[in-house]
Amino acid sequence: MTAPDATAPGRGTRLPAPAAPVGLLVAVLLVAANLRATLTGVGTLLPDIERGSGLSSTWGGLLNTLPLLTFAATSPLVARASHRYGTAKLLAGSLAVLACGTVIRSLPSDIALFAGTAVLSAAIACGNVLLPAVIRRHVPGPRIHTVSALYVTVMGLVAAVSSGISVPVAHALPGGWHTGLAWGIVFAVAALPVWLLRTRGDTPAASTGAAPAPTPWRSALAWKVSFFMGLQSFGFYTIIAWLPSILARQGMSSTAAGWMLFYYQVVALTAGLVVPLATRGRPDQRFTAAGASLLVAAGFLLLLVPAVTVVACTLLGLGGGACLVLALGFQSQRAGGPGQAAALAGMAQSIGYLVAATGPLLLGALHDGTGGWTVPLVLLAAVSLAMAAAGHGAGRDRRVPAPEAAPESGTR
């Protein structure tokens, strides 16, 4: 006889949800530290890379877009690989591949630069997809958003540090920009032993005879989760790429524009930490997701008014930070189990990063075609309204139906 679920509705007294094991939390955060460290410094190093390698601006743009395209191509494959080899083994292997890719990318060769970027990006895609599955397996439901917020915070902090120190490292140490690209390997080296220890007893689901969870292409809820992930990524990567240019066009100095981008990221990190507190005990997050999306839409429209730039960036950070934590949390919460969480995360991130890769290119083309930023910003506001609709659907307290079961009412 099984014990009753203390968090199920209608069961009377609600018992506090147990916390995630400390060892697991440390392991998750170490992976999170690797998900952006080797990527965000590229933008700041790009002028040095172009000068040192002779790459054109077009090739430099491709270097920044290649990780997103690799994420989109690799993410759908991760769930099946995890089913066959085991989650901990695949994460440990991906960390080793990440370290190798980082070394390859730092070699003095243009081919190595792009090949290493593709290799390390494929490894990062494994972490992107598998962390929601790890959280779904080991973290009690009411704690999922809290743990998601913690790993998003670590990911964001390390990304910001990487953006800030890559150039000083390149200028201070031998090797120049090659060294600036390589220093992030320290996070992979730190995380790898932890996950090698966790491979003990990591039994692949395939060894039990269980079938892998298929990608839930036919689930309307899965598509809502995927579109919410994709549209928030579209907005985030567009802001990262173009916010300084938008502010410079309005007369702000490049230094001030850079600090405004930093301010936006700090606000986003703060918002990501607040979301779990605001949604504690409320598995239905429809209005939180929709409201955060509307803040983003308002922020894009207010960017049209130079006098309220700080307000605009505040709204963009508050809404965008909340949407990121929610988007990652939904990939765990809306799945029926760990295997399905990996399949759902693979679908959501494949679609999400494919959409994200088009954002900076589309906005740049619109700016060139119209000669200003009004049309691009209005489009971004419209995209954010669509994100509100997707978030309202993804935030409903439902689960993607298991493939062998008939879908329950309200899940599709």
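This is a predicted model: local features need pLDDT of at least 70, side-chain atom pairs count only at pLDDT 80 or more; totals for chains, interfaces and linings use all residues.
Biologist: How many salt bridges does the structure hold?

Modeller: The structure holds three salt bridges. One of them joins the side chains of arginine 51 and aspartate 48, with a distance of 2.3 Å from N to O.

Biologist: Where do arginine 51 and aspartate 48 sit relative to one another in the helix?

Modeller: Both belong to helix H2, which covers residues 41-53, and because they are three residues apart in that helix, about one helical turn separates them.

Biologist: What about the salt bridge of arginine 286, which residue is its partner?

Modeller: Arginine 286 pairs with aspartate 284, and their closest N and O atoms are 2.9 Å apart. Aspartate 284 has a relative accessible area of 27%, so it is partly exposed.

Biologist: Which residue does aspartate 397 form a salt bridge with?

Modeller: Aspartate 397 forms a salt bridge with arginine 399, where the closest N and O atoms are 3.2 Å apart. Aspartate 397 is partly exposed at 28% relative accessibility, and arginine 399 is likewise partly exposed, at 36%.

Biologist: Switching to helices, how far does H9 reach from its first C-alpha to its last?

Modeller: Helix H9 takes in residues 220-249, which is 30 residues, and it reaches 41 Å between its first and last C-alpha atoms, close to the 44 Å expected at 1.5 Å a residue.

Biologist: Where in H9 is the kink?

Modeller: The kink lies at tryptophan 242, shortly before proline 244, and amounts to about 50°.

Biologist: What caps the N-terminal end of H9, and what follows the helix?

Modeller: Serine 219 caps the N-terminal end, with a side-chain oxygen placed 3.3 Å from the backbone nitrogen of leucine 221. H9 is followed by glycine 251, whose phi is positive, near 105°.

Biologist: How far is the C-alpha of phenylalanine 228 from that of leucine 326?

Modeller: The two C-alpha atoms are separated by 9.1 Å, although phenylalanine 228 and leucine 326 are 98 residues apart along the chain.

Biologist: On to rings, how many aromatic pairs turn up in the whole structure?

Modeller: A search of the whole structure finds ten aromatic pairs. One of them is tryptophan 183 with phenylalanine 187, whose ring centres are 5.7 Å apart and whose planes stand at 65°, so this pair is edge-to-face. Tryptophan 183 is buried, with a relative accessible area of 16%, while phenylalanine 187 is partly exposed at 23%.

Biologist: Why is the pair of tryptophan 217 and tryptophan 223 described as tilted?

Modeller: The planes of tryptophan 217 and tryptophan 223 stand at 45°, so the pair is tilted, and the ring centres are 5.9 Å apart. The tilted class applies because 45° falls between the cut-offs of under 30 degrees for stacked and over 60 for edge-to-face. Tryptophan 217 is partly exposed at 43% relative accessibility, and tryptophan 223 is partly exposed at 30%.

Biologist: Which residues form an aromatic cluster?

Modeller: Phe71, Phe236, Tyr237 and Tyr353 form one aromatic cluster. Two of these residues, Phe71 and Tyr353, are also in contact with asparagine 128, as are Leu35, Arg36 and Gln349, leaving aside its neighbours within four places in sequence.

Biologist: Where is asparagine 128, and is it buried or exposed?

Modeller: Asparagine 128 is found in helix H5, residues 110-138, and its relative accessibility of 5% means that it counts as buried.

Biologist: Last topic, what does the side chain of threonine 153 lie beside?

Modeller: A polar atom of the threonine 153 side chain lies 2.7 Å from the backbone oxygen of alanine 149. Threonine 153 itself lies in helix H6, residues 144-172, is buried with a relative accessible area of 11%, and touches Leu269 and Leu273, not counting residues up to four places away in sequence.

Note on methods:
Residues are numbered from 1 along each chain as its sequence is written. Side-chain values use heavy atoms; hydrogens and water are left out. A salt bridge is a side-chain nitrogen of Lys or Arg within 4 Å of a carboxyl oxygen of Asp or Glu. Helices (H or I, at least four residues) and strands (E, at least two) are DSSP runs, numbered from the N terminus. Buried means under 20% relative accessible area, exposed over 50%, partly exposed in between (1.4 Å probe, protein chains only). Contact means heavy atoms within 4.5 Å. The expected span of a helix is 1.5 Å times one less than its number of residues. The bend at a residue is the angle between axes fitted to the seven residues ending there and the seven starting there. A polar contact is a pair of N or O atoms within 3.5 Å; within protein, one must be able to donate a hydrogen and the other to accept it, and residues adjacent in sequence count only if both atoms are side-chain atoms. Rings of Phe, Tyr and Trp (its six-membered ring) pair if their centres lie within 6.5 Å; planes under 30 degrees apart count as stacked, over 60 as edge-to-face and the rest as tilted.
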